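I opened my notebook to look up a structure piece by piece. Here is what I wrote down.

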Amino acid sequence: MKKNIEFVAANGLLDRRSFLKGGAITFGSGSLGLLTASPSSATDWPNWMTKPGTGLSEYSHRSSYESHILRKTAPLLGTDGSGSSRTPIQYLQGTITPNNLHFERHHSGIPEIDPEQHKLLIHGLVKKPLIFDMEQLHRYPMISKIQFLECSGNSRPNLSKIPPKGSCGDIHGMIACSEWTGIPLNILLDEAGLEKDAKWVLAEGADAASLTRSVPLEKAMDDAILALYQNGEKIYPANGYPIRLFLPGYEGNISVKWLRQLKVTQKPMMTREETSKYTDLMPNGKSLMFTFKMGIKSVITSPSPSLKLGPLGYYEISGIAWSSNGKVKSVEVSADGGSSWAEAELSEPILSKSLTRFRIPWKRDGSPSIIMSRAIDENGEVQPSRNQLISEKGSQVSYHNNSIQAWYISSDGEVENVYV
Amino acid sequence: MFTSKKLLLLFSLTFSCSIITALAQSPNLGIVANEELIKNWNTSIGTEGEELPPGFGNATNGRSIYNLQCIACHGQGGEGLLNDKLAGGHGSLTTNQAVKTIGSYWPYATTIFDYIRRAMPYLSPKSLSDEEVYSLTAYMLYINNIISEDMIIDANTLPKIEMPNKGNFIISYPNN
């Protein structure tokens, strides 16, 4: 069955259901780019089909043909382990970030923690201060949640005056999504018994920086998880082995890794990470503190810079969207720099505070295009443009950049970061 | 030493019905932490400084320690080198070249003590004595023109220091 293509916005955006509806699409004279291939003769089997492959193994590795897909590391000067590494999101599909490619942000490297020696202390404004070893913690009831984790400083490069070069991952790769399994924190806080004036919980990690953040008690009692597993495996050292605090929707820094103590307090402790860093300086010189939520955001991961496009014709524009407020409701895509928009298809499952994959078919006809995505969440919050964000927050804000990304695609298929 | 079982038993016998609801949903495996352990782990310093340890220091001593242990990464007098600038930047926050330092930005003096004690010097954190941390804290305040060189910094004086930028912080939570 053949049918005519339905363009839904300028520069070749197609109805999101064009393919889902079934049937082939014709583009005028040409097809979708099928080439006639000569049938292979019986004698030219590829060599992997003519002898048994490698043996069973106790731990798998990806194809050696994919080994170039790596994080981009950016340590602070003079250190190996303070700074970040970014997930190459331009090469990933779906919504789950492989554990080995989950972005990192450490303040003093990754500690190598012996789980037999690791303990978690809960104290402060509680009726009974409690200490747990890992064996005890593993006996608690657990829940699993597929949720995103984003560094507060993700997409900071796009706040600079000139659009930075680099891949989508170099700019936006401090976003990841995993299935986190662990103990609802409220069980343990209830067990310790909260005092009346308890309002905040100081979380401290067992890394060399002993990183601390103050968490609102309300959040700790609501949906906080003491995560022990990440995508089914024990949480990786780079993500907080053997235990990480996980606060859905909140800036990554507060999901304290290598968690060793929780101190219930009346007031926030005003640690270095919530004063000197992770505060939002406004144009009037005031700074907002405890701006935890990451907001509504999306980015097109493909096409994107460093992935040069091939021949003209059909492509799928694909990306990720997420919201700290709940579920993503819709994602709109433009191919003409924001003049016309078409709705993208959202792949199930669409989960709260999680990554949602969006896709839309596109016929590239070779005219220069600017592709952008704009997400809207179930609360009606709309992802802002870069201009909007900067006019509200100024040029000195360096966290929480959830603004719209625009990619310019030249007629020969080069993709470049642009501000519109 | 108590075994976990003994403690658990002791604990179930001594605690009353007021925590029944918690018991119902928790396997209740936590061991009551002893005071000694809590004391050793409870090193975070809040803004009122009640947790500050005994001891004291001043900027003169702080300078000598700084020049040995910190200068390689943070530069002469905190001017910044490989790593963060620790002094200066006053009046820069409303420009389009904000320089955030202890003096221009940090709202609480207690944070300086807390952070240096837990995280610095970068390659050997937790190696400084409390007296050394007090002295370094004093030196940080001194190079930012917040205190005089001979002022004694201790559990009593540190929390009382008004940081220049304190009034410019707004707590967003729960509004975000």
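**Entry 1: a hairpin in chain A**

I began with two strands of chain A, E27 (residues 406-409) and E28 (residues 415-418), which run antiparallel and are joined by four bridges. I noted that this is a predicted model.

I looked for the residue pairs. Ala406(A) lies opposite Val418(A) of E28(A). Ile409(A) faces Val415(A), also in E28(A).

What do E27(A) and E28(A) form? They make a hairpin, and five residues lie between the two strands. In the turn I found Gly413(A), with a positive phi of about 90°.

Next I checked the neighbour of E27(A). Strand E26 (residues 369-377) of chain A runs antiparallel to E27(A), and four bridges join them. Here Ile370(A) has Tyr408(A) of E27(A) as its bridge partner.

**Entry 2: chain A as a whole**

I stepped back to chain A. How many helices and strands does chain A have? I wrote down five helices and 28 strands. Chain A has a radius of gyration of 24 Å, close to the 22 Å from the globule rule for 420 residues, so chain A is as compact as a globular protein of that length. I also noted the span of its C-alpha trace along the principal axes, about 75 × 65 × 45 Å.

I then traced a sheet strand by strand. This open sheet has six strands, in the order E13(A)-E12(A)-E17(A)-E8(A)-E9(A)-E1(B), and its pairing is mixed. Which strands are at the edges? They are E13 of chain A and E1 of chain B, and each pairs on one side only.

I looked at the step from one chain to the other. E9(A) and E1(B) run antiparallel, with two bridges joining them. Ile131(A) stands opposite Ile31(B) of E1(B).

I found another pairing between the chains. E19(A) pairs with strand E4 (residues 169-171) of chain B in the parallel sense, over three bridges. Ser287(A) has Phe169(B) in E4(B) as its bridge partner.

**Entry 3: where the chains touch**

I turned to the whole contact. Chain A gives 64 residues to it, and chain B gives 55 residues. The two chains bury about 5,100 Å² between them, and 57% of this is on carbon and sulfur atoms.

I looked up the polar side too. There are 32 residue pairs in polar contact across the interface of chain A and chain B, counting pairs with both residues at pLDDT 80 or more. Several elements of chain A give two or more residues to the side touching chain B, including helix H3 (185-192), helix H4 (217-222) and strand E12 (200-205). By class, that side of chain A has 24 nonpolar, 23 polar and 17 charged residues.

**Entry 4: salt bridges**

How many salt bridges cross the interface of chain A and chain B? I wrote down five. I picked out a salt bridge between Arg118(B) and Glu204(A), where the closest N and O atoms are 2.8 Å apart.

Over all chains, the structure holds 21 salt bridges. I also looked at Glu274(A) and Arg213(A), which form a salt bridge with the closest N and O atoms 3.4 Å apart. This pair links distant parts of the chain, 61 residues apart. Glu274(A) is in the loop between E17 and strand E18 (280-281) of chain A, and Arg213(A) is in strand E13 of chain A.

**Entry 5: backbone exceptions**

I started with the general rule: most peptide bonds are trans, and most residues other than glycine have a negative phi. Then I looked for exceptions.

Tyr241(A) and Pro242(A) are joined by a cis peptide bond, with omega near 5°. Pro242(A) is in the loop between strand E15 (233-234) and strand E16 (244-246) of chain A.

The bond between Glu348(A) and Pro349(A) is also cis, and its omega is about -5°. I placed Pro349(A) in the loop between strand E24 (345-346) and strand E25 (356-364) of chain A.

In chain B I noted Asn28(B), which is not a glycine but has a positive phi of about 60°. Asn28(B) is in the loop between helix H2 (20-25) and strand E1 (31-32) of chain B.

Key. Residues are numbered from 1 along each chain as its sequence is written. Chains are lettered from A and ligands numbered from 1 in the order in which they are written. This is a predicted model: local features need pLDDT of at least 70, side-chain atom pairs count only at pLDDT 80 or more; totals for chains, interfaces and linings use all residues. Side-chain values use heavy atoms; hydrogens and water are left out. Contact means heavy atoms within 4.5 Å. Buried area is the accessible area (1.4 Å probe) that two parts lose on being put together, summed over both. A salt bridge is a side-chain nitrogen of Lys or Arg within 4 Å of a carboxyl oxygen of Asp or Glu. A polar contact is a pair of N or O atoms within 3.5 Å; within protein, one must be able to donate a hydrogen and the other to accept it, and residues adjacent in sequence count only if both atoms are side-chain atoms. Ala, Val, Leu, Ile, Met, Phe, Trp, Tyr, Cys and Pro count as nonpolar, Asp, Glu, Lys and Arg as charged, and the others, Gly among them, as polar. Two strands pair if DSSP finds at least two bridges between them. The radius of gyration is taken over C-alpha atoms; the globule rule is 2.2 Å times the number of residues to the power 0.38.
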